[in-house]
Amino acid sequence: MPKQSTNMSGLQCLASENIWFDKQRYDEAEKCFYEGANGPSTQQRQSSSHAGGDQELVSRMKSLELENQTLHTVVKELRAALQKLESRVVVLEKSPASAAVPCAKAVPVQAAPVKQVENGDDDDDDDMDLFGSDDEDEEAARLKQERLDAYAAKKSKKPTLIAKSSILLDVKPWDDETDMAKLEECVRSVQMDGLLWGASKLVPVGYGIKKLQINCVVEDDKVGTDILEEEITKFEDFVQSVDVAAFNKI
C-alpha cells in the first residue's frame, strides 16, 4: 500500500509539470540567452548601424550649414568691397584730371590784365581781352623764332665735311727733246680754287722719253679730272696727253 502511494505521487508530480507543453517558450529563452552571450543579434546590429548612419548624416548636415554660413559672410564682404570700388570709379570719372595727377600741386593761374573801361561804358566788352590769347600767341611765336635762329646759328658754326680726292696724273711730252722742267712749270701754273699741287717725278717711258708723274689734291665739288686735263693740254707745245694714273678719295 505504501508503495502504491509512492507511485501515485510520482505520477501526480509528473502530471503537474508543464515544461514540455511550454517547450517553445523555453527554446526562445535559451536562444535569447545564447545570443546575449555571443553579442548583439543581427537585428540589434542593424538598428545600431542605422543609428550610427543617422548620427553621421546629422554631423555632415551641421558641417554643411557652417560652411554655408561662412560662404554667405564671404559673399557679403565681396559685395561691400565691390560697392566701394564702384563708388570710387564714379568719383574718378567725374574728376579725371585730379585723379590722373593726384600728387600734382595746383599751379596758380595768373589772370590776364583787363583793360580799363573808360567813362563806365560797358558796351566795349568786345574790345576786352580777358585771357590775353593774342599776346600769348605772339610771345610763343617769338620764343619759337628765337630758338630756330639760335639753332641755325649753331649749325652754321659747325664745320662742314669737305669731300676731297687725291689724283696722280701722267703728263706725256711729245719727244725726248721736250724740256721737262718747262713742262712741269706749265702744269703747276694751272691754278684754281680747290686745287693743290703735290710731289712730282720723271718716269722713263722708253727710247729716252720720260713722262711727268705729278700728284694733286682737289675738292670734289670744285675741281674735276676733265677740267685738269683740259687746262693742262692747253700747253700743246710741251704736252702730248694727260692720263689719270690713280684716283683716291680722302
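**View A. Pairing of strand 1 with strand 3.** In this predicted model, Ile167 stands opposite Cys216, a residue of strand 3. Strand 1 and strand 3 run antiparallel and are joined by 8 bridges.

**View B. Pairing of strand 1 with strand 4.** Strand 1, which spans residues 164-173, also pairs with strand 4, again in the antiparallel sense, and this pairing extends over 9 bridges. Leu168 has Ala246 of strand 4 as its bridge partner.

**View C. The hairpin of strand 2 and strand 3.** Strand 2 pairs with strand 3 over 9 bridges in the antiparallel sense, and Leu195 stands opposite Val218 of strand 3. The hairpin that these two strands form has 2 residues between the strands, and in it Tyr207 takes a positive phi near 60 degrees.

View D. Taken together, the 4 strands form an open sheet with antiparallel pairing, in the order 2-3-1-4. Its edges are strand 2 (195-206) and strand 4 (239-249), each of which pairs on one side only. On average, and with direction ignored, neighbouring strands of this sheet are turned by 20 degrees against each other.

**View E. Helices on the sheet.** Helix 6, made up of residues 180-188, packs on the sheet and touches strand 1, strand 2, strand 3 (209-219) and strand 4, while its direction makes about 15 degrees with that of strand 3. Helix 7, which covers residues 225-232, lies across strand 1, strand 2, strand 3 and strand 4, and runs at about 155 degrees to strand 4.

Methods: Residues are numbered from 1 along each chain as its sequence is written. This is a predicted model: local features need pLDDT of at least 70, side-chain atom pairs count only at pLDDT 80 or more; totals for chains, interfaces and linings use all residues. Side-chain values use heavy atoms; hydrogens and water are left out. Two strands pair if DSSP finds at least two bridges between them. Axes are lines fitted to C-alpha atoms, for helices over the stretch in contact, and angles run from 0 to 180 degrees between N-to-C directions. Contact means heavy atoms within 4.5 Å.
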